[in-house]
Amino acid sequence: HPQRSPSYGTSAHREQRAPAAPGSNARPPPGARLRVPPGTASSTFLPSPPRWAHPALCPGGMTCPVSQLFILAPNGHAIVYKDYRGELPKDTSETFFHELVEKGTSCPPVFTSEGVSYMSVKQSGLHFLCTSVDNACPSLVLSLLTQLTKVVKDYLGVLNEEALRKNFTLVYEIVDEVLDYGYPQNAATTDLQAFLFNKPVSVEQPSVTSVLPSFKPNPKTMASTAAAKSVVAAGQGLAGWRAGSGNEIFIDLVDRVSVLLTAEGQVRTFSVDGCIQMKSFLKGSPQVHLALNEDLVIAAQGGARGSAAYGSVQLDDVNFHECVVLDRFEAEKTLSLTPPSGEFVVMNFRIGTLRSERQLPFRVWPTVHTVHENKKELQVTVKADFPDKLHAVNVRVSFVVPKSVQSTTVNLPPGAAKGSQVATYSENTRAVEWTVKKWPGGAALSLSTKMVLPTGCDLKKEMGPISMAFEIPCYNVSQLAVRHLHIVERDKSYKPHRWVRCLTHASSYCCRI
C-alpha cells in the first residue's frame, strides 16, 4: 500500500475474494497452504490472522464475518440496511433498539441476545450497527464501524440523518465496497474513490443563531462550517475529485480538558487530551510542512517533566498519523506530510498534570448557607480565567439535588441580562441546569439555589458534583500553536488557502461540594 493508510485491505484484494463460493461456509483445512496475492499488505492496527485465514479474504484477521449492517436514525428507523449473508431476519435491529431504549446511556456497545451479537457505534445521533451469528472480533468490528463513519462523513460533507437520506445511493455504494459477503475489504477514503460513481447531494448545516456581534466581511476569516463539505468536487467527475475548485486546507487544534476541583478551588486532577485535525481540499497531492512551537518539549522523547524552560509548551505523550515524516521534528518541530483524502488526525497529544494556574479556563466555588433549620442555599460562583478579549459559548453548569429535597427554587442575580442566562429545575430528574450563551473572559457569574430539606439532612454529603460543559473558540489550554503552514507549490500560479482554528472544550469538568 503506497501510503499505508488505515484501510481494511487494498485494491489488490478485489481480485481474490473468499476462497469459498458465496453461500458456502467451507473453510480451508488447518495447515493448508493458500496463495497470497503479490503486494498484499495487512493493516497496521489490526490483529494478525489465524493460520487458516486467507489474507485476501480478511487481511486484518477477521475470521468470522458480520451478517448485517444497519445505519439507524435516532428514532430507530433503518436508513441503510445491508444483509450480507441471509442468516438473520430484517427486523433484527428492533432487538437492539429495544435494548437501547430500556438501558439508555448504560447500554453497552457490544452485547449478545438469543445467539446474535450486536456491535454498534454512535456518531452524530446515528447508530452504526453490525450483527453476527458467529464469534466476530468485537474490537475489529467497532474499528470498522468507526472508520465507516469517517468515510461517510468525508463523502457527504456532514454526517446527519438528512444527509444520509439524500445520499442513500452513495452510502449503499460505500458499504458495498467496505464489506463483501460480511468480510471487510477496504475502508480508506483515498482507495474507495476509484469504485464510487454517484455524486453527493450537498446538505446545508442546520442554521444556528449566532451569539457573536455582526462583523464586516473579513477575507482572513471563514465560517466554522466551511470544512463541512464533501471531498468530491462539485460539478466534476470522481476522477478529478482531488483537483476540485476549492484549493484549500483546514487545520483544527482541539483541546479536551478534564478537571476535578475541590470546594475550596484546589485542583485534584487535571489533564488535556488534544489533537491536530486536518482536512485537505488541495489540488493534486502537494507536500505540506506544519511547524509547531519552537519551544515545544515532549516528555516521552526524553524531556523530563519540570526540566523544560519556563514558558515552554510541554506535552507528556504524542503520537502521529502514519503519513507524517518526522525527520525535521526533533530539530525544527516541523511535521512533513502529504495529506490523504478526507479528515484525519495529524497528531494526538496529552498533558497529564497542571503546570500553570493559567491553564484552568474556569474556576468554581460552591458555598452552602443555612437560611434556617430546614432551608439551605447553595451559591455557585464561576469565574472565567481566560483573556477578556475571548469568550466561551454554550456554557452549561448542572448538578443534581438530593432525593430528600422537598422543594427547590433557582434564582439568577438581579443584574443578569434577560435571555443571556437561563436557569431551570426539573422535578423528574432533580437536575438544576444553568445555561449561558456567551461568557466573556474574566467575568464572574453566580447562581443561587434554595432547597427545603428534612431535619438532619447533610447537603454536602448527599449532593453530587457540579459539572460544566463549554467551548472556547480561538483558545488553547495546551498553548500549542501552528507557527506556520507551508505548502510546497508546483508553480507560481498555485495559490492555496490555509485556514487554522483553535478550540477548547470540556471533556469532564467537575467540582465537588
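**Terms and their cut-offs**

Reply: Valine 324 has leucine 337, in strand E15, standing opposite. This is a predicted model, where local features need pLDDT of at least 70, side-chain atom pairs count only at pLDDT 80 or more, and totals for chains, interfaces and linings use all residues. Residues are numbered from 1 along each chain as its sequence is written, and side-chain values use heavy atoms, leaving out hydrogens and water.

Me: How do you know that E14 and E15 pair?

Reply: Two strands pair if DSSP finds at least two bridges between them. E14 and E15 (residues 334-337) have two bridges, in the antiparallel sense, so they pair. Strands themselves are DSSP runs (E, at least two residues), numbered from the N terminus.

Me: What makes E14 and E25 edge strands?

Reply: Four strands form an open antiparallel sheet in the order E14-E15-E10-E25. E14 (324-325) and E25 (482-487) each have a single partner strand, so one side of each lacks a neighbour in the sheet.

Me: How many disulfides are there?

Reply: A disulfide is a pair of cysteine sulfur atoms within 2.5 Å. By this rule the count is zero. Cysteine 502, for one, is in no disulfide: the nearest cysteine sulfur, that of cysteine 474, is 7.0 Å away.

Me: Why is cysteine 502 called partly exposed?

Reply: Buried means under 20% relative accessible area, exposed over 50%, and partly exposed in between (1.4 Å probe, protein chains only). Cysteine 502 has 22% relative accessibility, so it counts as partly exposed.

Me: Is cysteine 107 buried or exposed?

Reply: Cysteine 107 counts as buried, because its relative accessibility is 14%.
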